[in-house]
Structure formats: structure tokens, C-alpha cells
Amino acid sequence: MLVPVFTLKLSHKLVPRTVALGRFDGTHPCLAAATQAGKVTAGGGRQQQGGGAGRSLTASPILLPSGLLNINQAISCLSAGLLRPQPAADCLLVGTATSLLAYDVHDNSELFYREVSDGANAIVLGKLGDITSPLAIIGGNCALQGFDYKGNDLFWTVTGDNVRSLALCDFDGDGKTELLVGSEDFDIRVFKEDEIVAEMSETETVTALSPMYGSRFGYALSNGTVGVYDKTARYWRIKSKNHAMSIHAFDLNSDGVCELITGWSNGKVDARSDRTGEVIFKDNFASSIAGVVEGDYRMDGSTQLICCSVDGEVRGYLPGGEEMKGNLMDTSAEQDLIRELSQKKQNLLLELRNYEENAKAEQNTQLKEADGQRGVIPANTQLQTSLSVNLGSDSQSAHVELCISTTNDTIIRAVLIFAEGIFEGESHVVHPSLQNLSGCVRVPLTPPKDVPVDLHIKAFVGYRNSTQFHVFELTRQLPRFSMYALSSPDSATEPLSFVNCTMNERPQRIVMWLNQSFLLPEDAEFQSAPFQVCFTSLRNAGQLFIKIKSGGEISISTDDIDLAGDIIQSMASFLAIEDLQVEADFPAYFEELKKVLVKVDEHHSVNQRLSADMAEHSNLIRSMLVQAEDARLLGDMKNMKTRYIELYDLNRDLINQYKIRCNNHTELLNNLKAVNQAIQRAGRLRGKYAYWEGTGSPGSH
């Protein structure tokens with residue numbers, strides 16, 4: 001069994017997802033982590049003589065004064081790595097809601113300190129694309145920034161929502177690293193410098209990303225899902241009732257391929273095969289995992305997998321040798337084999353009993369003609385599915401309807417549907433009552449987002465009084481824009497907002513895209529260009545007009561800029577168009593954006609004024625404190641009392657101004673988020689590989 005080769009106990013409570021390992025003096029490995037008191041603790045492992053596997057090491061805080069770096073703010077992210085060309089020593093990067101600090105731990109000095117208005121929710125360090133120097137890349141409020149070792153802002157772009165995770169990976173296999181960005185809008189975006197080259201939609205906030213090897217990377221979601229992608233194809237995923245706090249790629253079984261190591265909120269650590277997701281190792285801590293890193297912490301020439309819990313417990317594991325043959329969980333392999341064979345025996349016995357009962361039922365069927373007495377379903381029984389739009393009695397009840405039916409007089413006893421992002425918990429069971437049993441079951445679906453969804457259906461089919469049922473399994477895809485019903489253009493008002501573009505494509509190809517992306521009636525027919533189609537949203541009754549004009553000109557009219565972007569992206573992907581020149585106008589949205597930009601300027605002005613007032617108050621406080629102390633030393637108690645009363649009033653005013661500044665900063669962040677999202681939405685109108693060629697910087701929002 002794989003056991004820790006060392007353990008140690010830190011004397012501080014750690015913040016999840018803020019653990020890093022670095023050689024801050026260029027030689028000795030040092031474990032750094034953020035504490036819940038707004039400090040950073042850092043210590044190196046002392047190599048000890050003697051002892052075997054499982055021996056304890058001591059955390060030696062030899063690289064930080066008192067072992068702590070005081071940040072005085074809640075630390076949101078932390079990383080370590082090579083940022084400077086010389087000396088060849090790692091630096092410590094600490095991100096907060098308002099700043100980024102690059103710190104030389106060995107010399108106890110700042111490399112640089114930058115105020116970042118968008119905050120730092122996630123951080124990654126390394127080379128990006130053709131940018132020659134390593135960058136400290138932070139993700140915050142819809143924005144991405146990259147700084148070199150001098151604090152110069154060499155990289156900036158925006159993304160669709162608040163950034164929660166970052167990773168560097170050679171996504172397209174060109175030998176250069178791309179930036180993977182996980183955000184709160186459930187998307188994983190791949191940036192080739194400031195250009196989006198791929199986008200994958202998930203079902204929850206993407207909380208962690210980890211490169212594995214080549215173009216393969218692991219991911220974790222806030223709903224307990226972890227999995228592996230290879231480029232845009234998902235290899236596997238699993239879902240747990242616990243939350244994944246940290247993921248890391250590490251070859252734990254020495255087979256030359258990295259496994260996905262996951263630290264969970266319940267204290268469990270497991271290693272899963274990158275190909276199948278099968279667990280090959282697990283261990284348990286007494287508290288939630290704070291972080292998983294790797295390094296030669298013992299300085300013995302071997303790399304260990306290092307796991308830290310929020311209580312400060314640290315364990316290091318060496319990869320298993322060939323003698324373990326990949327079985328890292330249990331030395332009693334024989335017992336596992338016996339349990340597995342026993343389970344197979346039970347399953348086979350149960351299956352045999354079912355066959356025997358079915359044989360008896362088939363004999364009885366020949367003697368009894370009543371439907372209720374029949375057992376085995378006919379061999380030609382089939383399960384059919386269809387999707388349609390149900391407008392309901394009002395706009396609140398409109399939905400997509402999945403109809404599941406049999407081809408004869410058998411009944412459907414129950415239906416189990418698995419679908420990502422549609423049902424709570426990703427599964428839904430329909431179990432009709434005995435009075436309502438029939439050969440047809442209708443299931444309402446209301447997908448919250450416009451993404452294609454695979455519906456994995458399992459149906460139990462038999463007769464009304466059957467005790468055993470046949471299980472049918474099939475998969476049906478829900479089109480991307482299924483929540484839009486075809487309507488008559490004559491009965492709808494065309495929206496004022498529009499996107500116009502020209503595509504050199506035959507109208508038949510556009511019709512193929514319409515049939516693939518929307519739920520159209522079977523009798524829907526489209527003439528050759530020009531023609532137009534009108535859809536009504538089942539979510540908010542908004543109108544969508546798509547006009548196909550002669551000469552390849554296409555006009556999309558909708559007041560929803562997100563929907564327009566989704567349609568452009570879908571068409572460009574289907575028609576393999578990489579870049580698209582468009583003309584767009586969204587008067588109502590742009591008017592709101594103008595108001596937001598005015599508010600941003602106002603908040604900046606207020607922030608500058610408050611900063612000046614606070615600086616003036618701070619100077620007054622220093623002066624008043626000197627006067628009060630002088631009065632105390634001179635024994636002038638009356639004057640001292642007066643000065644301290646004034647100090648108290650000044651301090652109270654300073655605290656109130658700070659609260660006002662905090663509220664102003666929060667409103668500023670919300671408005672900057674709206675601006676960044678507007679840039680992202682505008683970029684999505686430009687084609688398959690949409691990005692915004694901005695010339696601004698974070699300070700010029």
C-alpha cells in the first residue's frame with residue numbers, strides 16, 4: 001500500500017487553493033501557503049538522518065522572518081515560480097481582491113506591487129505564446145492581466161465573466177503554451193495570447209484547471225465534477241457530493257503517464273487514470289484539502305506528491321514502484337479479487353433467475369390472452385422519441401417536450417433521463433402512477449442555456465401487470481436553440497437591434513444549419529433566397545428574425561446581444577468560417593453601456609477624491625499623535641486629552657471614509673464587469689474565433 005514518506009504539521013490554518021512550492025533561494029524547496037489571518041507562511045523541509053517511510057519532517061521557517069509575511073488583506077490566490085532571468089530563484093506571487101504582490105522571499109523585498117482594480121481571483125506563472133519573458137498572469141473581474149518581473153503590463157484582455165481558474169497548456173500542439181481560463185459563466189476558454197481559439201461549455205462554475213501532458217488537461221467544477229479534456233473533447237468526468245478543492249497532474253504509479261490527483265472538501269485525496277477516471281489511489285485527511293503540489297521537499301533527488309489540509313497537516317508521497325503493478329490502494333489484492341468474483345457471482349445468479357422467470361412467463365403467455373397476464377414483450381418492440389415545442393397555456397409554462405413511446409401495446413413503467421445542465425443533479429425520473437400507465441410518456445424540458453445537450457434515456461417497458469421489465473437505452477440530442485419556437489413573421493414585431501453579415505454559402509447550407517440548431521416542424525419548408533424565419537423565445541417571449549437575402553447577405557434581428565453572438569458562433573462553426581465582418585447595432589444595449597461608462601468615470605473620480613482625503617486625514621493623525629505624546633511627556637493632561645479626543649474623531653472619520661471607498665470600489669467593479677462583458681459580447685459577433693482587438697489597458701476602462 002502506498003503510504004506517506006513524510007508528514008509534518010504547520011502551526012496555521014490554511015486558505016484553500018493557496019498552496020505553492022518554490023525554491024526561493026534557488027536551492028532549498030519551501031512550502032508556502034496563505035493563512036486565514038491574511039498572512040503567508042513559508043517553510044522548508046529539513047532532511048533528517050535515519051527513519052523510513054512515514055517519518056516526520058519539521059517545517060523550518062528559515063526563509064521568512066518569523067515564518068510569516070503579513071499581507072493585511074484576505075489572500076485570494078498564491079503561486080511561486082521563476083519570474084526573473086537572474087537570479088535563478090523562484091519568487092512568491094500573492095493576489096488579493098485589489099492587488100498583486102511579487103515578493104523576493106530570500107531577500108525579504110518586493111519585486112513589484114500593483115494595484116489591480118479587477119482583482120486577482122486566480123494566478124498562474126509561466127510563458128505565454130510568443131511573449132519572451134515569463135508572466136505572472138492573474139484573472140479577476142472579467143479581465144486577464146500579465147506582468148513581467150518589473151511589474152510591466154505586457155498582456156491584457158477580457159473574458160466573459162469573473163475568472164475562477166487559470167492554467168497554461170500547449171492546447172493546439174504547436175510547441176507554444178496557450179492560456180486556459182475557467183469562469184463563473186460555466187465556460188472554459190482557450191486564449192492564444194489575446195485571441196480565443198476554443199471554448200467549451202460546462203454545467204457549473206469552473207473552479208480548477210490543471211495541465212496534464214500535451215493537449216490534455218483536467219478540470220473541476222463547483223458542483224463536485226472533475227474530469228479530463230483532450231483539446232475540446234471530454235475524455236471522462238465523474239461527479240461527487242463533495243467539492244474538489246485542488247487538482248494536480250502527477251505520475252503516481254510510475255507508468256509514464258500523469259494521473260489526475262484531486263483533493264476534496266471532505267479530506268479525501270484520490271488519483272484517477274487520465275484515460276478512464278478509475279481510482280488507483282486514495283487517502284484521507286481529517287479536514288478539507290487546501291492544496292496539492294509536487295517537488296523534492298526532502299532534497300533526496302526524488303519528486304514527491306505533497307498534499308496539505310486546511311488544518312496544516314502535510315503528507316508527501318513517492319510514486320509507486322513497478323512491484324506494485326499499478327495497485328496503490330490495497331496490498332491484499334487477493335481479497336479484492338475474491339470480493340469482485342463474489343459480486344459477479346451474485347449478478348449472474350440474479351440474471352439467471354430473471355431468465356427463468358421470463359421463460360415461465362412466456363409459457364403462460366401462450367395459455368392466457370389477457371394483456372394483464374402477459375410477461376415477455378414482443379421481440380419487435382421498439383422505443384421511439386420525438387422532440388417538439390409546447391407553447392403551454394402562458395409564457396411561464398412554455399417548454400420543450402420529449403415524447404417517448406413504444407411501437408405496440410406495451411406500457412412504459414418508468415423513464416430515467418441523464419442530461420447535463422437541465423435537471424438538478426443531472427438526472428430526472430418519471431414514474432407514472434398505475435392509473436396513468438400507457439405506451440407514451442411526455443417529459444417537459446427547459447434548458448437554461450443555449451447549448452446542445454445529449455439526453456441519455458433509459459426506459460422500463462413491459463405490460464401493465466408485469467413484474468419484470470425490459471430496459472431500453474438510447475441517446476437523443478437536444479438542439480442548441482431548442483427554446484425558440486417557429487412563429488409567423490406577420491404576427492410579430494421585428495426587433496430594432498440587428499447583426500448583418502455576408503457569407504458566401506448556398507442557402508441550402510443555411511437551411512441545414514437551421515434544421516440542426518432549431519426544433520422545426522416536420523412540414524416546415526424554405527424557399528430559395530430570399531426568405532426569412534421568425535422565432536419566439538420560450539423564456540421571455542423575445543423575437544428573433546433571421547433573413548437570408550440574395551447574394552449571401554444574412555440579417556439577424558434580436559434585442560438579445562448574447563443570442564446574436566451565439567447564433568453567429570453556431571453558424572460560423574457549422575460553416576467553418578474563421579473570421580466574419582459584421583455590422584451590428586443594439587441601440588438599447590449601447591445606451592445602457594454609455595450610462596455604465598459614465599458611472600465608471602464617476603466612481604474613478606470619487607475614488608481619487610476619497611484617496612486624497614484619506615491621505616490628508618492620515619497626515620493629520622500623525623501630526624496630532626505627535627502633539628498628544630508631547631503633551632503627555634510635558635505633563636499637560638488637558639492638552640493631551642483634547643488631542644486624543646481629536647484623534648478619536650479623525651480616526652472615526654477615516655474609518656467611515658474607508659467604508660465609503662469600499663462601497664465605491666464594489667460598484668466600480670460591477671460597472672467594469674459590465675464593460676468587459678460588453679467587449680466580450682461584441683467579440684462574439686465576429687466569427688468562429690472571436691476576440692476583441694482592444695488597444696486599451698485596465699486603467700483606461
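Two strands are said to pair if DSSP finds at least two bridges between them. The model examined here is predicted.

**Exercise 1.** Determine how β40 and β41 pair, and over how many bridges.

*Solution.* Begin with the strands themselves: β40 covers residues 531–537, and β41 covers residues 543–548. Six bridges link β40 and β41, and the sense of the pairing is antiparallel. Finally, consider the connection. Five residues separate β40 from β41 in a hairpin, and A541 in the turn has a positive phi of about 65°.

**Exercise 2.** Identify what follows β41 in the hairpin it forms with β42.

*Solution.* Strand β42 spans residues 553–557 and pairs with β41 through four bridges, in the antiparallel sense. Within this pairing, F545 has S557 of β42 as its bridge partner. The hairpin of β41 and β42 has four residues between the strands, and its turn contains G551, with a positive phi of about 85°.

**Exercise 3.** Describe the second largest pocket by its volume, its lining and the strands that supply the lining.

*Solution.* The volume of the second largest pocket is about 1,200 Å³. Its lining consists of 45 residues, of which V19, L78, S79, I123 and V124 are the closest to the centre. Sorted by class, the lining comprises 25 nonpolar, 13 polar and seven charged residues. Strands that each supply at least two lining residues include β2 (14–22), β8 (75–81), β12 (122–126) and β28 (289–295). The largest contribution, seven residues, comes from β2.

**Exercise 4.** State how many helices and strands the protein has, and give its accessible surface.

*Solution.* The protein has five helices and 43 strands. Its accessible surface is about 33,700 Å², and carbon and sulfur atoms account for 49% of that area. Among contacts with a separation of 6 or more, 56% join residues 24 or more positions apart.

Notes
Residues numbered from 1 in each chain as written. Predicted model: local features only at pLDDT ≥ 70, side-chain atom pairs only at ≥ 80, totals over all residues. Heavy atoms only, no water. 1 Å grid on protein atoms, 1.4 Å probe; cavity = no way out; pocket = protein on both sides within 12 Å on 5 of 7 lines; lining within 4 Å. Points joined across faces, edges and corners; volume = space filled by probe spheres on them. Nonpolar A, V, L, I, M, F, W, Y, C, P; charged D, E, K, R; others polar. Buried < 20%, exposed > 50% of the residue type's maximum accessible area, 1.4 Å probe, protein only. Contact = heavy atoms within 4.5 Å. Areas by Shrake-Rupley, 256 points an atom, 1.4 Å probe, with all protein chains shown as cover.
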